[in-house]
Amino acid sequence: MNTMRPGASVMRPNPLHITFKNPNWPANFITPENVLEYFCNSDNAFYDKGSCNENVRMQNISRPLEECLLSMTGIQYVLWSAQPPLYVICKHRRNNMQNVTPLAYYYIINGTVYQAPDVYTFVQSRLLGAVEPLKNAFDQVVQYSRYNVAKGYYWQFDKKPVVKKEEEKPEEEQPLQARSTHFQKTRTHMLMQNLFEMFPAGNALTISDPPEKSEPMTTEEKPETNGDAATQPAEGTAPPPSTSAAKSK
């Protein structure tokens, strides 16, 4: 059991990281006349239940709210600016009818309540955002700076500065392996094994090939040739010389 020591400080959340929105109140129903009623909600973390606004609401005073707050002293919430859908609520401490001390500002946009940052937080955030780029710029410039006894300090932009290599990125998973999970792989293997057991390969039916169709024989009629016609020379050609004439020559 966690026990807190007496006098121990409780860490409160940063009010700049807190928001409030009433889900039962549509944002388009908020008007300059009822925006304070929307803000003064008991569930709102920015609303002080000990404020003058709560006292006026509990007493159910029929007079206008601004008139009642002028005659009271303490913490009050008033409408500072209204530009729908943006409304600005000011939290101040009223010391008398003429003197007030601002404590915080809240803005409501589209039904969500935020606390406006103070000047110190705003400047600090901007400075922290500018320090890192300035540091990187100085680190780059220092690499070009040179010093010589005769010349003194000078700049040399001939060589490019050494840039640190980025850390090697881990190898990305192959897309084919990433498409299936371990459950899908093991489940598919089990289903395939059951199918092979139910229908073994030995009982597979063999399908015989259909008989080939015999093509009809095509008989081509060849013209009859006569032996005498083959030996006779064609018209217009000289007969071959006889063998006796060739021998005499």
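Helices here are DSSP runs of H or I with at least four residues, strands are DSSP runs of E with at least two, and both are numbered from the N terminus. With that in hand, here's a spot to start: just after helix H2, Asn-60 takes a positive phi of about 55°.

A quick word on what you're looking at. This is a predicted model, where local features need pLDDT of at least 70 and side-chain atom pairs count only at pLDDT 80 or more, while totals for chains, interfaces and linings use all residues. Residues are numbered from 1 along each chain as its sequence is written, and side-chain values use heavy atoms, with hydrogens and water left out.

**The chain as a whole**

The protein chain holds eight helices and seven strands. It has 249 residues, and 16% of them count as buried. Buried means under 20% relative accessible area, exposed means over 50%, and partly exposed is in between, using a 1.4 Å probe and protein chains only.

Take the contacts in the protein chain with a separation of 6 or more: residues 24 or more positions apart account for 34% of them.

**Helix H2 and its surroundings**

Back to H2, which spans residues 52-59. Its buried residues are Cys-52, Asn-53, Glu-54 and Val-56, and they pack against H3 and E2.

Between helix H3 (65-70) and strand E2 (74-83) there's a loop, and Met-72 sits in it. Met-72 counts as partly exposed because its relative accessibility is 21%. Leaving out residues up to four places away in sequence, Met-72 touches Cys-52, Asn-55, Val-56 and Arg-94. Arg-94 is 22 residues from Met-72 in sequence, and their C-alpha atoms are 7.5 Å apart in space.

**Two pockets**

Rolling a probe the size of a water molecule over the atoms shows where empty space is left. In this case the search runs on a 1 Å grid over the protein atoms alone: a pocket is an open set of points where a 1.4 Å probe fits, with protein on both sides within 12 Å along at least five of seven lines, and lining residues have an atom within 4 Å of a point. Grid points are joined across faces, edges and corners, and the volume is the space filled by probe spheres set on the points.

The largest pocket contains about 260 Å³ of space. Helix H1 (35-39) and helix H2 (52-59) are the elements that give two or more residues to its lining, and H2 provides the largest share, three residues. Among the lining residues are Glu-33, Asn-53, Val-56, Arg-57, Asn-60 and Arg-63, so Asn-60 turns up here again. By class, the lining has five nonpolar, three polar and four charged residues. Ala, Val, Leu, Ile, Met, Phe, Trp, Tyr, Cys and Pro count as nonpolar, Asp, Glu, Lys and Arg as charged, and the others, Gly among them, as polar.

The second largest pocket has a volume of about 200 Å³. Its lining divides into six nonpolar residues, one polar and one charged, and includes Arg-12, Pro-13, Phe-46, Tyr-106 and Gln-115. Gln-115 belongs to strand E5 (residues 112-115) and is buried, because its relative accessible area is 18%.

**Salt bridges**

A salt bridge is a side-chain nitrogen of Lys or Arg within 4 Å of a carboxyl oxygen of Asp or Glu. By this rule there are three:

| Pair | N to O distance |
|---|---|
| Arg-57 and Glu-54 | 2.8 Å |
| Arg-63 and Glu-67 | 4.0 Å |
| Lys-135 and Asp-139 | 3.4 Å |

Arg-57 and Glu-54 are both in helix H2, three residues apart, about one turn of the helix. Glu-54 is buried because its relative accessibility is 13%, whereas Arg-57, at 44%, is partly exposed. Lys-135 and Asp-139 both lie in helix H4 (residues 119-142), four residues apart, again about one turn. An α-helix has 3.6 residues a turn, so residues three or four places apart point the same way. Lys-135 is partly exposed at 46% relative accessible area, and so is Asp-139 at 37%.

Definitions and conventions. Contact = heavy atoms within 4.5 Å.
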